[in-house]
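Please look over the sequence and the model shown here before reading the report that follows.

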Amino acid sequence: MIGYVVAAEANPPLPDIYLSDLEPLKATTGWGGTVKKDRVIGGQPFKYLGKEYKKGMGVHAESEMVYEIKPGYERFVALAAVGFNPPGLGSVICEIYADTQLIGQTTVLRGAQP
């Protein structure tokens, strides 16, 4: 499996299956909260650069989500962003692993950046 990260301005293909439609083997999130399906950690809808997203997983640093990868799965598409922070606050790096191998990683995402 080859991993790569594209800029947020790219229009990746829509997934056939959304993570929020699958049951994770493990899902933890920081801030004393619980992982939210199809909502940000605070319960609001996902919004990014003025666009609302119906599907997704709302988490807070430090989080870990583990899923079983079925043999027919061919790609992983994700949009990661820091949201609901005052401008300039918050930063995160999102990493994707297959078993124990790092296959994709974002640059540092900050609350003030698109």
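Leaving aside its neighbours within four places in sequence, with which residues is Thr29 in contact? Counting as contact any heavy atoms within 4.5 Å, Thr29 touches Thr34, Val35, Ile41, Val59, His60, Glu62 and Ser63 once those neighbours are set aside.

This is a predicted model, in which local features need pLDDT of at least 70 and side-chain atom pairs count only at pLDDT 80 or more, while totals for chains, interfaces and linings use all residues. Residues are numbered from 1 along each chain as its sequence is written, and side-chain values use heavy atoms, with hydrogens and water left out. The pLDDT, the predictor's confidence in each residue from 0 to 100, has a mean of 82 for the protein, and 83% of the residues reach 70 or more. Over residues 1–6, however, the pLDDT is below 50, and this stretch has 6 contacts in the model beyond near neighbours in sequence. Where pLDDT is low, the predicted coordinates should not be read in detail.

Strands are DSSP runs (E, at least two residues), numbered from the N terminus.

| Residue | Loop | Relative accessible area |
|---|---|---|
| Thr29 | between β1 (26–28) and β2 | 14% |
| Val40 | between β2 (36–37) and β3 (46–48) | 11% |

The side chain of Thr29 reaches the backbone nitrogen of His60 at 2.6 Å. For Val40, the C-alpha atom lies 6.9 Å from that of Met57, although the two residues are 17 apart along the chain.

Note on methods. Helices (H or I, at least four residues) and strands (E, at least two) are DSSP runs, numbered from the N terminus. Buried means under 20% relative accessible area, exposed over 50%, partly exposed in between (1.4 Å probe, protein chains only). A polar contact is a pair of N or O atoms within 3.5 Å; within protein, one must be able to donate a hydrogen and the other to accept it, and residues adjacent in sequence count only if both atoms are side-chain atoms.
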